[in-house]
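Here is a brief report on salt bridges, helix packing and surface features. The structure comes first.

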Amino acid sequence: MRFFGYPLRRLLPGFFATICAGGAVGLAAFLFVLFGGLNLAAYWADPKPVYWVLHTTFKNSVWWRATEDVPGDLDDPGRIALGAQHYANACAKCHGGPGLGQNPQALAMRPRPQHLPAVVEQFTDGELHYILDSGVRMSAMPAWPANGREDEIWNVVAFIRQLPEMTSDEYVALLQPQDLPGAPEIPYGARGEVFDNGLDDAPQRERWPEEEYGYFSPATEWRDFAIEGDTVQRCAACHGADGSGQATGGRAPNLTLLDADYIEDQLRDYASGERKSGVMQIVASNLSAGQREGLARYYDSLPDIPAPATGGADTEIGERIATEGKLIEGVPACVTCHNSAELGDDRIAGLEIPNLAGQSAIYIEEQLRLFASGVREGGAIWKPMGYIASNLTDAEKSSLAAWFSAQEPNVRLDRQDLLAEADVEAGAQVVERICSECHTARGIGSQSGDTPNLSLQSPHYLHQQLWKFREDIRPNSQMGQTAKQISPEEIANAAAYFGTLMPVAVARDVDADLVSAGQSIARNGIPESGVPACLTCHGAEPTAAMNILPRLLGQNRVYLQERLDQFAGDTGDGLYGLSPMHRIASRMTGQERAEVAAWFSAQEPLAKIGSLP
């Protein structure tokens with residue numbers, strides 16, 4: 001018998017010899033590991049050949065993988081100032097500083113971390129970014145704790161690039177404590193709730209063996225500022241003594257504008273990993289529950305300080321988007337939610353809503369980029385910002401940020417009324433000609449109840465929905481065709497007409513047991529399934545404050561149940577980007593959806609301002 005032309009009897013001895021040799025090598029390797037043949041004690045210096053092999057492999061690995069897409073503003077003082085604070089917190093412990101040596105503990109490591117001021121010029125900006133982002137295996141150099149936070153990594157690169165020319169006096173001056181008259185001491189106190197810190201959500205952050213790692217908060221830090229009670233001073237390093245963020249050129253947000261509940265919620269989101277940041281996750285994960293609350297109250301108590309004016313961006317574009325939205329793209333006016341004079345507690349419809357008037361433009365713009373890329377989501381029930389930001393161009397993001405930054409804090413920001421010029425009488429004719437066939441002239445829907453009752457809705461909600469149908473943002477073949485057949489003016493007129501109608505709930509027989517069971521879901525949600533209370537968004541106060549939310553009290557039961565079933569199904573996953581309903585409805589059973597639909601249908605409608613009998 002032959003194998004590739006060779007007699008098999010001649011090949012077999014070599015084959016078995018190879019197998020035996022491989023087995024011997026494998027056995028030797030196993031015994032080497034089993035009996036600890038390699039002394040891994042750190043007091044043994046690396047032989048020069050070993051150092052050369054490891055370091056050359058490291059540098060070549062970085063060179064091949066480093067990005068060439070480098071921001072053009074690495075010399076920005078704000079970037080450098082913010083990067084300096086993170087370097088001092090997380091990097092200087094091992095790598096030293098300009099004119100300053102390295103910690104003896106770090107020099108006792110193997111491999112030994114390099115003195116960065118001495119070696120930073122060996123690396124390009126892209127290579128420094130790659131090292132900070134990816135870390136270096138088996139060297140104690142960690143990867144960046146938060147995926148996608150390119151902005152933070154480039155801030156540290158910007159600072160590191162300054163090290164060779166920086167003096168020790170300049171470095172020390174960047175890190176001096178702030179003068180904080182009246183700042184409270186916030187002791188650690190009771191640790192508070194322990195929760196997962198979110199750092200196991202990426203494939204490279206394996207949890208095996210899970211019992212050997214502590215993926216939870218509160219945690220410890222390089223220097224336990226939280227346990228030592230030095231919390232306000234730590235925050236002031238980036239946010240400044242006045243909390244305005246100007247200490248880092250506005251790259252850290254202006255905390256004076258934010259409500260205490262919002263600040264506390266964000267600190268918890270950072271600590272739990274709901275909100276990603278290689279800087280703030282480290283800080284927040286060390287705070288006790290009492291310290292999060294204390295810091296939130298302190299910054300809420302400070303006088304509101306508006307951001308300084310910034311030039312360059314066209315604020316007219318930003319004002320139009322902020323007050324009108326982008327109707328064709330389905331983007332609502334920003335001040336629908338971000339209106340500090342109306343909010344009071346930074347929370348509407350289950351949303352944690354920050355005041356943006358007077359906030360730093362560069363910070364707002366960066367957050368819009370993070371929302372658009374999906375890096376920032378947040379822990380709220382409703383997460384509309386990913387859709388909104390992804391439908392803004394870079395120029396629009398800049399303009400919007402500049403406009404909000406230029407506004408005075410706590411001054412009402414009015415929306416532009418897109419229906420101010422609408423003709424109600426002309427709208428009645430459009431409804432009679434086109435809409436009444438399904439919805440009736442009174443807007444109450446079909447006798448069977450499978451079409452929606454439009455008399456309940458605000459004109460602005462209907463206006464937005466008609467445009468979503470027209471642009472196929474809300475898929476519906478019949479409504480899409482209808483909305484495309486009428487003009488933008490007719491859409492506005494029809495919405496205005498429906499908005500003037502007295503809201504009427506059509507009395508239909510509804511099972512009392514269903515109504516009773518649905519009440520609990522509507523008012524309390526289903527906590528064990530992660531379903532929030534429906535009235536969080538669809539109650540009287542949220543729908544009055546945010547006219548883009550649908551009013552469900554008195555809505556037709558069959559329509560509501562069919563809509564909830566649609567949300568829960570596979571087609572619901574492709575919903576219009578502002579809607580959270582697939583995530584909510586899919587966690588409910590069919591019976592629960594039927595119950596809550598029955599409860600809403602049995603309720604009295606909400607009053608509408610300006611409606612006519």
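## Arg161 and its partner

Arg161 is partly exposed in this predicted model, with a relative accessible area of 27%. Its side chain meets that of Asp125 in a salt bridge, 2.8 Å from N to O. The pair links distant parts of the chain, 36 residues apart. Arg161 sits in the loop between helix H7 (150-160) and helix H8 (168-174). Asp125 belongs to helix H6 (residues 125-134). Asp125 is also partly exposed, at 23% relative accessibility.

## Other salt bridges

The whole structure holds 17 salt bridges. Arg79 and Asp73 form one of them, at 3.1 Å, N to O. Arg79 is buried, with a relative accessible area of 7%, whereas Asp73 is partly exposed at 29%. A network of salt bridges links Asp73, Asp76, Arg79 and Arg251.

Arg297 pairs with Glu293, the closest N and O atoms being 2.5 Å apart. Both lie in helix H13 (residues 289-301), four residues apart, about one turn of the helix. Arg297 is exposed at 55% relative accessible area. Glu293 is partly exposed at 29%.

## Helix packing

The axes of helix H19 (residues 424-439) and helix H22 (residues 488-500) come within 7 Å. They cross at roughly 95°, so H19 and H22 are roughly perpendicular to each other. The contact residues include Val430, Val431 and Arg433 of H19, and Ala494, Tyr497 and Phe498 of H22.

## Nonpolar surface patch

Leu27, Phe30, Leu31, Leu34 and Phe35 form a nonpolar patch on the surface. Together they have about 560 Å² of accessible area. Leu31 lies in helix H1 (residues 8-34) and is partly exposed, with a relative accessible area of 37%.

Methods
Residues numbered from 1 in each chain as written. Predicted model: local features only at pLDDT ≥ 70, side-chain atom pairs only at ≥ 80, totals over all residues. Heavy atoms only, no water. Patch = residues over 30% accessible without salt bridge, like charges linked within 9 Å, V, L, I, M, F, W, Y side chains within 5 Å. Areas by Shrake-Rupley, 256 points an atom, 1.4 Å probe, with all protein chains shown as cover. Salt bridge = Lys/Arg side-chain N within 4 Å of Asp/Glu carboxyl O. Helix = DSSP H or I, 4+ residues; strand = E, 2+ residues; numbered from the N terminus. Buried < 20%, exposed > 50% of the residue type's maximum accessible area, 1.4 Å probe, protein only. Axes fitted to C-alpha atoms, helices over the stretch in contact; angles between N-to-C directions. Parallel < 35°, antiparallel > 145°, perpendicular 65-115°, else oblique. Contact = heavy atoms within 4.5 Å.
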